[in-house]
Amino acid sequence: MLLKHSDALISAFVLTLYYVGVVVGNASDFVTMADLRRTRRGQSLSRPGGLIMEGIGYQYTMRYQPGFHLTKLVQQEAEEPPPATEAPMPMPTPATPPPQPAPTEAEEPEPTIPVRPTSAPTEEPPAPPATDSMMMMPTPSNPPKPSPSSGPRPSPKPTMRPSVPPLPPTSTKSSIMQPHQTLKNLLFGSPIEANLILKKPNAPRSKGKGFLSLFEVIKFPNTRCSVSMGDIRSMEGVCYHEFECKSLGGIPTESCAEGVGVCCVFVNGCGDVSSQQILYFESPNYPNAVREMMICVLIINVKKGVQQLRLDFQMFELSRPTNGDCLDDQFIVSGHNTNFQIPVLCGINTGQHIYIHVGDSNEGKVYLSVFMKVSGGGRSFNIKVTQVDDDLAPNNCLQYFTEGEGLIKSFNYDSDGSIVDNREATYFNNLNYAICLARLKNVCSVSYNTEQLGGDQPDFQIVNKDEGENDLISDGQAGAGIFNCPDDFIAINSVPLCGERFNDGRETDDYTVHATVRDTAAGPIVLPFRTDSEYVGRGFRLLYRQELCA
């Protein structure tokens, strides 16, 4: 049963190949096929063919013969005179088989069967009756004429059609099929010869490149890229192939990698999980304001080997703190190193940044959580998250500035926002973090000056009171040192500074005016900022500049 099914499948496959060759190729060319079966007695039943494909008990053959015209065969058959007499075919006996000369390709071409003819079909003569002592053989329709000078010669292999003059050896391939050019390009990608006898041990295999030769494998690194989103906003992404970008949930933008890839921007929201190197965490319906209670959490899978994450607050407006505590809205980071403190944030912090140290954490995940506990009012945020693999901040620095000059300010310093209702700007309670600067080459000092903006609140204000709630520093004056600034201060050059004026007394001893504060200490440049849980002020906004050695 299994053998019959196998025979049927193989026959169907060979016929399919046959008709493909007829339909796709030239109509004047033809493909012939046959099968050989070995019987238990060692005999074989044969039908002629060309291309060989082996199966269970069968060996199929197919031949592609370009340039052969069946109409010429009909004309030759009409011009050839009929034989005078029909010589009987000698039948071999088992005892004394007749001697047969060694056949040659010219005298004995490999038999074939005709394809569907374009003209009138030729009639097939009946086969002679079979006997017990001989194998069933078809009678040749056009036997060769007997030679007058010699006795009867053994007839060549019987055919189902008249003999065809042999073609040159180069035009016929018995075990290799040359498909039509269109078919070859479609199936194999390049004009090659495809050997179909794959099961034959000593059969030559195709040396074509195959289907993959249609494509050129191009590799490029997934580096950071940037794209302009208008006159005032630019975004960063990762260079991916467009298909890969979409499969990862990104937004393909401008081209990168010399046009091979696209700058893929990843925007995530509440409830998302991401492991991308650069992404943007946005509030619902950003940039529209959120005016209802909600909990929004983004989970970041930290890549292997990453020591830090950097958060850039492109847009950050939550409800203001109440007396230094974030009660209505909170932004909380978790999953970082246990010995590293990240304050709970709220209020207006657009333009600020923080570093999250994760090198010693076993969590492998960082959670960014936004809690909006009251309805009413407006909130909105857009936070750029970068998994940092170079230019790391010094250990335990919450903020890190690498430019030669810039602006440093406390959290929630700005009094005006675009969404949040105006409420008094103050720093937070219970702060204890470090602001670090990268010392540039040939720099010996750093100068700091407060930026005087004016308005209802002082430009610089860090409050300290005694146990009787009396100000340790009078209004409108600067405080310096541990006795004047015991609880809330920012330290520059290892000197705590507080009050309502920014002045350490080194440039001038008039503590009622702002003055330049210069840090000349060697080593890392660190500005600690510390507050208690009782009193708060507006904070600080300082312009810094690194100065070259004289």
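Here is a walk through this structure, from the whole chain down to a few single residues.

What you see is a predicted model, where local features need pLDDT of at least 70, side-chain atom pairs count only at pLDDT 80 or more, and totals for chains, interfaces and linings use all residues. Residues are numbered from 1 along each chain as its sequence is written, and side-chain values use heavy atoms, with hydrogens and water left out.

Let's start with the whole chain. It has four helices and 29 strands; these are DSSP runs numbered from the N terminus, with helices (H or I) of at least four residues and strands (E) of at least two. Of the 550 residues, 39% are buried, meaning under 20% relative accessible area with a 1.4 Å probe, counting protein chains only. Take the contacts (heavy atoms within 4.5 Å) between residues at least 6 apart in sequence: 68% of them join residues at least 24 apart.

Now look for an open sheet of four strands, in the order E12-E14-E18-E16, with mixed pairing. Two strands count as a pair if DSSP finds at least two bridges between them. E16 runs antiparallel to strand E18 (residues 365-372), and six bridges join the two. Along this pairing, Gln-330 sits opposite Phe-371 in E18.

Next comes the inside. A nonpolar core is a set of buried Ala, Val, Leu, Ile, Met, Phe, Trp, Tyr and Cys residues joined through side-chain atoms within 4.5 Å. The largest one has 68 residues, and Leu-311, Phe-331 and Leu-368 touch the most other members. Leaving aside neighbours within four places in sequence, Phe-331 is in contact with a list of residues including Leu-311, Phe-316, Pro-343, Leu-368 and Ile-383. There is also a second, separate core of eight residues, among them Val-388, Ala-393, Ala-434 and Cys-436.

Most residues other than glycine have a negative phi, and most peptide bonds are trans. The bond from Tyr-286 to Pro-287, though, is cis, with omega near 10°. Pro-287 is in the loop between strand E13 (278-282) and strand E14 (294-301). Asn-412 has a positive phi, near 60°. You'll find Asn-412 in the loop between strand E21 (405-409) and strand E22 (432-437), and it is buried, with a relative accessible area of 0%. Asn-493 also has a positive phi, of about 60°, and lies in the loop between strand E25 (489-492) and strand E26 (495-499).

How values were computed. Buried means under 20% relative accessible area, exposed over 50%, partly exposed in between (1.4 Å probe, protein chains only).
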